[in-house]
Amino acid sequence: GRHLTQQQRKMARALVGYIGDYCGYLTAREKDQLHQTLKRQFAATTDGEVPEDFSLATTDVTTGRRYIDYLVAQCIEDNVPTKEPLTEYAQDIAGYVYRCLMHRRCAVCGKRADLHHVDRVGMGGDRHDMCHIGMDCLPLCRAHHGDAHQHGDAALMERYHLEPVAIDERIADIYQL
């Protein structure tokens, strides 16, 4: 029965604003129309659970969080630049990291990412002959990958509020493991 907080409404509006800026929508009216379109597209993904005309002012917390995660996913898929890291907006961090992995985006800054093994492969280990399925990983750009090796995974995950994801068949295929 709880409603979305003012901060969560601001987060959703900010993400819509970033998407609108990226798409070239300049006026408040154009961005409002974009917001209505994004809400309809989100509602279509819920199999009727959420009405197309739901309002951020009256929606419940769960729907609002799902909508914010939907907007974060759109930003990842379309490589939309944002002023703050998307981890500041994502409600489902593991889902956010997984989406970043699937689109080869750094979970910290959004740049092109390589796969970082949180479960270390080890010196002398042949990455081509081992099974990677089930190993924990993060998508990190070269700079953040180096940061993880220099300062440790725990420090990086705490600083940027990340959770590693276990490599599955889809991730292994994308990274040719």
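What share of the 177 residues in the protein chain is buried? Buried residues make up 43% of the chain, where buried means under 20% relative accessible area, exposed over 50% and partly exposed in between (1.4 Å probe, protein chains only). The model is predicted: local features need pLDDT of at least 70, side-chain atom pairs count only at pLDDT 80 or more, and totals for chains, interfaces and linings use all residues. Residues are numbered from 1 along each chain as its sequence is written, and side-chain values use heavy atoms, with hydrogens and water left out.

The protein chain holds seven helices and three strands. Helices (H or I, at least four residues) and strands (E, at least two) are DSSP runs, numbered from the N terminus. The order from the N terminus is α-α-α-α-β-β-α-α-β-α. Along the principal axes, the C-alpha atoms fill a box of roughly 60 × 30 × 25 Å. The chain exposes about 9,900 Å², and carbon and sulfur atoms supply 47% of this area. Accessible areas come from the Shrake-Rupley method with a 1.4 Å probe; for residues, only the protein chains shown count as cover. Contact means heavy atoms within 4.5 Å. Among contacts between residues at least 6 apart in sequence, 63% join residues at least 24 apart.

The interior comes next. In soluble globular proteins, nonpolar side chains tend to be buried together. The largest nonpolar core here has 51 residues. Such a core is a set of buried Ala, Val, Leu, Ile, Met, Phe, Trp, Tyr and Cys residues joined through side-chain atoms within 4.5 Å. The residues with the most contacts inside the core are L15, Y67, L71, V72, Y96, V97 and L162. Two or more core residues come from each of α1 (6-23), α2 (28-44), α3 (61-78), α4 (93-102), β2 (136-140), α6 (153-160) and α7 (169-174). The largest share, seven residues, comes from α3. Beyond its neighbours within four places in sequence, V72 is in contact with L15, L86, Y89, A90 and Y96.

Helix α4 is mostly covered, with seven of its 10 residues buried. These are I93, G95, Y96, V97, C100, L101 and M102. Their cover includes α3, β1, β2, β3 and α7. Just after α4, R104 takes a positive phi of about 55°. R104 lies in the loop between α4 and β1 (114-117). R104 is not a glycine. Most residues other than glycine have a negative phi.

A positive phi of about 55° also occurs at H161, again not a glycine. H161 sits in the loop between α6 and β3 (165-166). H161 counts as partly exposed because its relative accessibility is 49%. Not counting residues up to four places away in sequence, H161 touches E88 and I93. H161 and V108 are 53 residues apart in sequence, yet 9.1 Å apart in space, C-alpha to C-alpha.

Two glutamines in helices were also examined. Q8 lies in α1. Q8 counts as buried because its relative accessibility is 9%. With residues up to four places away in sequence set aside, Q8 touches V61, R65, I68 and Q91. Q74 is found in α3. Q74 is also buried, because its relative accessibility is 17%. On the same exclusion of residues up to four places away, Q74 touches I19 and V80.

Helices α3 and α4 each give two or more residues to the lining. The lining divides into 11 nonpolar, three polar and three charged residues. Here Ala, Val, Leu, Ile, Met, Phe, Trp, Tyr, Cys and Pro count as nonpolar, Asp, Glu, Lys and Arg as charged, and the others, Gly among them, as polar.
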